[in-house]
Amino acid sequence: MRREPRLTPALLTALGFITAVGPVAVDFYLPSFTDIGSDLGASASAVQLTLTGFLVGVACGQLLLGPLSDRLGRRRVLVAGMAVFALASAAMVFSPSIEVFVALRAVQGFAGAVGMVLGRAIAVDLAGPAKAVRPLSLIMTLVGLGPIVGPPVGGILAGVWGWRGTLGAMAVFAAMMFVLALVVIPESLPPDRRARGGVGAVVRGLGGLLREPGFRGYLVAFALGFGALMAYLSASPFVAQVVLGLDPVEYGLTFAIGASGMVVANLVNAAIAPRVGPRRMLAVGQGMLLGAGVVLVVLSAAGILQVWSFLALVIPLCAGSGLIMSNATALALARADGRRGAGSALLGAGQFTTAAALSPLVGLAGEGTAVPMAVIVVTCGAIGILAAARAARPRPLA
């Protein structure tokens with residue numbers, strides 16, 4: 001008789017690390033940008049394309065690999081994706097040109113998307129929709145550590161080993177994630193629960209989820225919660241250093257404090273949400289985000305934003321975003337029963353598409369103001385609240 005896998009603490013930790021692969025791969029090599037451009041004879045904009053290529057790969061990978069796992073099973077797709085991720089990570093160490101580097105980063109992003117999309121899906125498969133918010137919150141806690149430890153560790157390694165050595169360390173990390181997927185992660189989707197059909201069925205499954213008002217509303221809330229966070233992340237170097245006059249070390253400290261707010265919020269959410277429900281915790285997160293954004297608009301427009309007030313607002317902004325993403329994910333995937341791979345893929349694609357669309361807007365008024373960033377945060381918060389309210393409406397009777 002087949003023994004059903006359980007979501008043990010060890011397995012949950014493994015899922016958290018695999019889900020964090022993508023964020024770590026984004027942040028880890030950022031301190032090496034200038035060295036990469038110098039060694040490969042590439043311009044700053046060409047080096048920036050390595051990040052763009054990775055994000056495009058992630059978006060495409062999620063849309064394909066998530067629905068594919070609904071049909072073939074989670075474990076087979078996860079192990080294959082992590083194997084390609086590890087191979088691409090190793091090949092990047094030997095990149096002879098920026099063009100090869102960009103291409104490998106796109107492959108790395110495409111394959112690495114498997115961890116982000118299937119980590120969520122496996123957690124909900126094993127925990128069940130009603131109890132999924134706690135493991136999803138704990139996974140988001142590990143994901144939130146990426147922006148805290150990634151750039152500092154990457155900077156230290158770049159100073160000691162150079163940019164190729166930093167990428168070598170990333171390749172070792174990727175190989176460890178492959179072994180983790182191979183040895184620790186079980187199959188969470190038995191054959192009798194898998195989707196049927198070919199490519200057409202996959203496309204119809206994605207379309208069917210997008211037509212479901214409940215899923216669509218929580219998808220919008222999730223994407224806008226992440227979009228508000230990315231607006232802050234994109235603008236924070238200029239706000240902190242140009243507007244507030246902080247040096248790079250002081251900026252790094254404010255960045256870490258904000259990210260820590262997200263980590264703490266998800267730990268609290270893991271303890272509280274199973275009792276009070278993810279809808280209520282989602283509302284708390286949206287209220288924190290909107291409130292922080294409104295005050296930020298007022299202080300920025302009045303020209304009285306100070307270091308202490310900026311820091312005081314960054315904490316609820318990041319914490320609110322964390323609560324939004326954890327709880328909206330749980331609520332959305334509860335509406336995607338039987339299609340959780342596709343549902344997780346749409347969440348990820350919406351997340352990165354929204355971030356890509358909103359991040360450039362924070363600089364519309366130049367580097368010397370925080371107003372555009374604050375307005376985007378408020379807009380995301382307000383629309384997200386409306387989307388969640390619509391999603392929570394009772395489903396019409398068939």
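1. Val 307 is found in helix 13, which spans residues 307–334. The model is a predicted one, and the remarks that follow should be read accordingly.

2. Is Val 307 buried, partly exposed or exposed? Its relative accessibility is 34%. Because buried means under 20% and exposed means over 50%, Val 307 counts as partly exposed at that value.

3. Val 307 may also be considered together with Thr 254. The two residues are 53 positions apart along the chain, and their C-alpha atoms are separated by 9.3 Å.

4. Leu 182 lies in helix 8, which covers residues 146–183. With a relative accessibility of 39%, Leu 182 likewise counts as partly exposed.

5. Leu 182 is also one of the members of a nonpolar surface patch, alongside Val 179, Val 183 and Val 184. Together these four residues present about 330 Å² of accessible area.

6. The volume of the largest cavity is about 40 Å³.

7. Which residues line the largest cavity? The lining consists of Ala 25, Phe 28, Tyr 29, Met 92, Arg 105, Leu 167 and Met 170. By class, 6 of the lining residues are nonpolar and 1 is charged, while none is polar.

Definitions and conventions. Residues numbered from 1 in each chain as written. Predicted model: local features only at pLDDT ≥ 70, side-chain atom pairs only at ≥ 80, totals over all residues. Heavy atoms only, no water. 1 Å grid on protein atoms, 1.4 Å probe; cavity = no way out; pocket = protein on both sides within 12 Å on 5 of 7 lines; lining within 4 Å. Points joined across faces, edges and corners; volume = space filled by probe spheres on them. Nonpolar A, V, L, I, M, F, W, Y, C, P; charged D, E, K, R; others polar. Patch = residues over 30% accessible without salt bridge, like charges linked within 9 Å, V, L, I, M, F, W, Y side chains within 5 Å. Areas by Shrake-Rupley, 256 points an atom, 1.4 Å probe, with all protein chains shown as cover. Salt bridge = Lys/Arg side-chain N within 4 Å of Asp/Glu carboxyl O. Helix = DSSP H or I, 4+ residues; strand = E, 2+ residues; numbered from the N terminus. Buried < 20%, exposed > 50% of the residue type's maximum accessible area, 1.4 Å probe, protein only.
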